[in-house]
Amino acid sequence: MEPTVTVRGLTKRFGRTTVLDGLSLELGRGVTGLLGPNGAGKTTLLRTLATTLAPDAGEVRALGLDPSDHVQRTEIRRRLGYLPQNPGHYPHFTAFELVEYVAILKEHADRRERHREVRRVLEETGLTEQSRTRVRKLSGGMRQRLALAQALLGDPGLLVLDEPTVGLDPEQRMRFRALVSRLGESRTVLLSTHQTEDVAALCERVIVMKDGGIVFDGTPGGLAATAAGQVWLSHRPPAASRLFWRAADGRYRTLGARPQDAVPAEPGVEDGYLLLLGESAEVAA
Ligand SMILES: Nc1ncnc2c1ncn2[C@@H]1O[C@H](COP(=O)(O)OP(=O)(O)OP(=O)(O)O)[C@@H](O)[C@H]1O
């Protein structure tokens, strides 16, 4: 099957800074998670796919269309669902009005069809009861679901979601994951996140970006496995390591060389990610 997205040698610069550095990837059906530290270039990649930024070099094809051609670019915008990092919320609109506004921009011209479609996406995101509620009165979780609702207009085959779980409480995050996971069964979903738990819970593929390039591309299990033999648990904090934190059971989880009196632990996605980036994580839980 044709990939939904193909990117070859994608380069984007802001001034003298190269933010995407000749990046290549293909995306097919299912949920792919995009991890990476602040400034890695995740949002820039997603904005390029959503056609709100034009690349300086390289080739992009989304849904079989070329965004450098203005007619095809318009078609991509109609057919793709995009949840930006800071969605505008228009506090005085009701939930229904906000989604309808986006539907009008996406050229759902027939009023009855448009209203049916708005009701459908509100239902799909569990917001039917909030249809007439003003956006400013919605909780953060509901606003995030509303941002997803507008992205689902027209039942897009490609969904680009920029940190969709940010600011959600654990229960909302779980509900959101279940929803995205269901959406990924029949669509291509690319989702950027700082939550390694999101990746473990709902992505079949994970891409890690650093300095504008891809440093890992595989399964969450594969990312966890890169930390095999380098994850340890001990009752006392390690003397030599800076890469450790307190686990829920009160023991210290150390990445890297084995501390004294430590026992080996099963590696997780977060362990693989932190070791890959070589960042220090002195986090007291
Ligand atoms: N419009 C812009 N003008 C100038 N620099 C920009 C612009 N957009 C992004 N950058 C720079 O590009 C780099 C990558 O930014 P980007 O937002 O893509 O990273 P990110 O991986 O999404 O980070 P975060 O996790 O913080 O959202 C950063 O150094 C940022 O300052």
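# Close-up views of a predicted model

Overview. The unreviewed UniProt entry annotates residues 5-236 as "domain: ABC transporter". UniProt positions follow the numbering used here, feature names are shortened, and annotations may be inferred rather than shown by experiment. The model is predicted: local features need pLDDT of at least 70, side-chain atom pairs count only at pLDDT 80 or more, and totals for chains, interfaces and linings use all residues. Residues are numbered from 1 along each chain as its sequence is written. Residues 5-236 are 35% helix and 27% strand. Helices (H or I, at least four residues) and strands (E, at least two) are DSSP runs, numbered from the N terminus.

**View 1. The shell around the ligand.** The residues around the ligand are Phe14, Val19, Gly36, Asn38, Gly39, Ala40, Gly41, Lys42, Thr43 and Thr44. A residue counts as near the molecule if its C-beta atom, placed from the backbone, lies within 6 Å of it. Helix α1 (residues 42-49) supplies the largest share, 3 residues. By class, the shell has 3 nonpolar, 6 polar and 1 charged residues. Here Ala, Val, Leu, Ile, Met, Phe, Trp, Tyr, Cys and Pro count as nonpolar, Asp, Glu, Lys and Arg as charged, and the others, Gly among them, as polar.

**View 2. The sheet of 3 strands.** This open sheet has the order β2-β1-β4, with antiparallel pairing. β2 (17-27) and β4 (57-62) stand at the edges with a single partner strand each, so one side of each lacks a neighbour in the sheet. The twist averages 25° from one strand to the next. Two strands pair if DSSP finds at least two bridges between them. Strand β1 (residues 5-14) pairs with β2 in the antiparallel sense over 8 bridges. Threonine 6 has glutamate 26 of β2 as its bridge partner. β1 and β4 are also antiparallel, over 5 bridges. Valine 7 stands opposite valine 60 in β4. The hairpin of β1 and β2 has 2 residues between the strands, and glycine 15 takes a positive phi near 60° there.

View 3. Strand β8 (residues 205-210) and β9 run antiparallel, joined by 5 bridges. Isoleucine 207 stands opposite aspartate 217 in β9. Contact requires C-beta atoms, placed from the backbone, within 7 Å. Axes are lines fitted to C-alpha atoms, for helices over the stretch in contact, and angles run from 0 to 180 degrees between N-to-C directions.

**View 4. Threonine 94.** Threonine 94 lies in the loop between β5 (80-83) and α3 (95-105). Threonine 94 is partly exposed because 17 other C-beta atoms lie within 10 Å. A residue is buried with 20 or more such atoms within 10 Å of its own C-beta, exposed with 12 or fewer, and partly exposed in between; C-beta atoms are placed from the backbone. Not counting residues up to four places away in sequence, threonine 94 touches Ser131, Arg132, Thr133 and Arg134. Valine 135 is 41 residues from threonine 94 in sequence, yet their C-alpha atoms are 5.6 Å apart.

**View 5. Serine 181.** Helix α6 (residues 170-183) holds serine 181. Serine 181 is partly exposed, with 16 other C-beta atoms within 10 Å. Leaving aside neighbours within four places in sequence, serine 181 is in contact with Val31 and Leu202. Serine 68 is 113 residues away along the chain, and the two C-alpha atoms are separated by 31 Å.

View 6. Threonine 51 is not a glycine, yet has a positive phi of about 65°. Threonine 51 sits in the loop between α1 and β4. With 22 other C-beta atoms within 10 Å, threonine 51 is buried. Leucine 63, also not a glycine, has a positive phi of about 55°. Leucine 63 is in the loop between β4 and α2 (70-79). Leucine 63 is partly exposed, with 18 other C-beta atoms within 10 Å.

Note on methods:
Two residues are in contact if their C-beta atoms, placed from the backbone, lie within 7 Å.
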